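I would like to learn how its chains are arranged and how they meet.

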There are 4 protein chains.
Amino acid sequence: MTPIERLALLFEKFPGIGPRQAQRFVYHLLTQDGEYVSSLTSLIQDVRSGVRECAMCFRFFAHGKTTNLCSICSNSERDHTLLMIIERDADITPIERSKTYNGLYFVFGGTIPLLDQHHTKKTRGPALRAIIEKRLQEGLKEVILAFSVNPDGENTTRYVEVQLAPFQEKGLLVSILGRGLSTGSELEYADAETIKNALKNRSKQGFLEIPPEE
Amino acid sequence: MTPIERLALLFEKFPGIGPRQAQRFVYHLLTQDGEYVSSLTSLIQDVRSGVRECAMCFRFFAHGKTTNLCSICSNSERDHTLLMIIERDADITPIERSKTYNGLYFVFGGTIPLLDQHHTKKTRGPALRAIIEKRLQEGLKEVILAFSVNPDGENTTRYVEVQLAPFQEKGLLVSILGRGLSTGSELEYADAETIKNALKNRSKQGFLEIPPEE
Amino acid sequence: MTPIERLALLFEKFPGIGPRQAQRFVYHLLTQDGEYVSSLTSLIQDVRSGVRECAMCFRFFAHGKTTNLCSICSNSERDHTLLMIIERDADITPIERSKTYNGLYFVFGGTIPLLDQHHTKKTRGPALRAIIEKRLQEGLKEVILAFSVNPDGENTTRYVEVQLAPFQEKGLLVSILGRGLSTGSELEYADAETIKNALKNRSKQGFLEIPPEE
Amino acid sequence: MTPIERLALLFEKFPGIGPRQAQRFVYHLLTQDGEYVSSLTSLIQDVRSGVRECAMCFRFFAHGKTTNLCSICSNSERDHTLLMIIERDADITPIERSKTYNGLYFVFGGTIPLLDQHHTKKTRGPALRAIIEKRLQEGLKEVILAFSVNPDGENTTRYVEVQLAPFQEKGLLVSILGRGLSTGSELEYADAETIKNALKNRSKQGFLEIPPEE
């Protein structure tokens, strides 16, 4: 195999990349200037050596010398009473961008497939309990489960609820993200589960503020 | 123009049908047996003559001789305290199939486009108020607004809320369907509005029933 | 079942139409004015009674009183030495629109599936031979096979070639449409068969007319 | 910006990659073992230093110490009378895989956009003429133009034909890949240009070998 073919094979392991696009990546690198390519390789190495998992939330962050906590976990202005459990690092971006959540996170590391009960190794069930113990001492009041709304996500929600049951008994609130119509939903195409949740979670007040009668 | 071309032009007016599929419909009819085609034309005529709008909810129904109310409006086992306002007839099918709603409906007849404030003629704003007057005397307590979660749907929700403000003052509850993650949602791809709603409407209890401490 | 449901079931038999769109067709008819609906039903009946298969090419045409030939077969200005065998009526539209063919057609009525050798009933193998006998007496010189470039189309090409072998021996030319790159093709995505044909059929002259050397 | 963000920006420059997938690539690298990552960076460097453009066809190849020709150009068993001019390196893979071409290549380096006549710098018009001069002395007889079948590809074909006109006068054959129906084509959906070419290039013999009359 030529270096071109061997490099294409490594690019094929990138998420969502097939053989044709992998080959195109190689040609892309061949036609870029040397500066781009050396930035790329040195950044790949920097990221590997300069990025590590946060000791509290397990998301990747560029660590400095004096801390093993990411910028969110070490930020005293974040709301330490709230902890959202998410599947993966990439879930943080849209939540932060929405500017509607100021609590902390815990990256669970994936979902637990409904059909593969022994798959639990890759996810961070045990670490989660240890972290919650710690966080409780720092004022944690509510854990928000934010897994995908699909069978594996629901299975993971149930699994984590069982893990957190002892803490619930001691007063920890465990909530799940609200279910209902999401942006773009049309009733005609909605599934039964979404309709059920949208009805159950219907909001008792609308957009209008009705001034009180005098 | 040949009859084939003229018929194709009529089929082009069917929702979602372009010239090529319209032509294919004509060839389809040409290759079916006579019985299918005469069933089709006579059913089209039957539907036109034997179907009319329900006097209360405005949905189409096959009317008998003695009633101008559809099977839902005339069903005393439905919950007459609840009225869901939907955009169009077709929205009823998924809701009924979900078996989670036993109240009544009102077909609003569409949405009011955000950018076309004079478009209100096609929808049933005035009829809605008259119907609510009547329904209130029969025990109506809550109106559920069930418009699409998009700009025109939101605009329609606001419009209807203004229409219903006088009734709200008299104690009618006006709610909107719950917003949040719908089936299949993944946090990574969720928009800011959906994340905001999912957080706001998060459910304070999960799947597990924790037995009370003793 | 209500007339609405029964009519939706008939619309579901239209090509490419599922239950949801079938239902939408019914609501479409319910909201159109009476004139549109009666034009539709009377045109459906007209098409059934006023359209028949051409006696020579088997395509559907609006017949008058004095002819059983369509406007193409009865047009003496078309080239009666060429006969193109096509799968279905709808194939004629793009060919006529391309204005590059002035010969006659024969609608074969479909393809013969590679995996279902007994499916030959629906297509017009026997009629084809009878028509070719007739056409030969009127000057036919070439039959062009114009089936889809896929396994069923290729299978049909082979089947028709066997049917036409006796005529080929008597001097009838049998050709197939040229294979190669079609509009939009990019080499990078071309399959081996298309590359093979594009190479075999490469044109020995390009766009430029080179003036002869003196 | 963190190294994670800077690396994501570089991945966004990969062909066909948007911000979200670029971010996912970074997380992918963070979760792979060190061996994979160091193979990746060292192969990227190897490819840059160990791969160069062939002096004759300009495709990238892993050069050894003793040659500046790629394995195709230096292979005496390839047919040196044929030269196919292709847009980019990636076009070679499907042609070689089809095993229907044994001649040589010339990588033109792109197409010349119809709407941007000054864009010719990136492509290899001047180099092409020099190479053809050389190849003619080594027995070159035919140049096959293999550009995409779209406006830019056609424009490039015309441009190259003008470049090659002097050689055509001296007896060089210039051909273009055959046009017609490609694998998967159905007549009903074919455009006028493809139908025209398919008719013009129709093959006068079909699959069957008719034994000669005696």
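## Reading the chains together

Q: Which chains are joined by no contact, and how far apart do their closest C-alpha atoms lie?
A: In this predicted model, chain A and chain C share no contact, with their closest C-alpha atoms 9 Å apart, and no contact joins chain B and chain D, whose closest C-alpha atoms also lie 9 Å apart.

Q: Why can one say that the copies, chain D and chain C, meet through the same surface?
A: Because 100% of the interface residues of chain D are also interface residues in chain C, the copies meet through the same surface.

Q: How many residues does the contact take from chain B and from chain A?
A: The size of an interface is often given as the accessible area lost when the parts come together. Here it can be described by residues, with 58 from chain B and 58 from chain A. On the side of chain B that touches chain A, α7(B) gives the largest share, nine residues, and by class this side has 25 nonpolar, 18 polar and 15 charged residues.

Q: Which residues touch the most other members of the largest nonpolar core?
A: This core has 67 residues, and those touching the most other members include D:C57, D:M84 and D:F106. Strand β3 of chain D, residues 82-86, gives the most to this core, with five residues. Another core, of 41 residues, lies apart from it, and among its members are B:L82 and B:Y105.

How values were computed
Residues are numbered from 1 along each chain as its sequence is written. Chains are lettered from A and ligands numbered from 1 in the order in which they are written. This is a predicted model: local features need pLDDT of at least 70, side-chain atom pairs count only at pLDDT 80 or more; totals for chains, interfaces and linings use all residues. Two residues are in contact if their C-beta atoms, placed from the backbone, lie within 7 Å. A nonpolar core is a set of buried Ala, Val, Leu, Ile, Met, Phe, Trp, Tyr and Cys residues joined through C-beta atoms within 7 Å. A residue is buried if 20 or more other C-beta atoms lie within 10 Å of its own, exposed if 12 or fewer, and partly exposed in between; C-beta atoms are placed from the backbone. Helices (H or I, at least four residues) and strands (E, at least two) are DSSP runs, numbered from the N terminus. Ala, Val, Leu, Ile, Met, Phe, Trp, Tyr, Cys and Pro count as nonpolar, Asp, Glu, Lys and Arg as charged, and the others, Gly among them, as polar.
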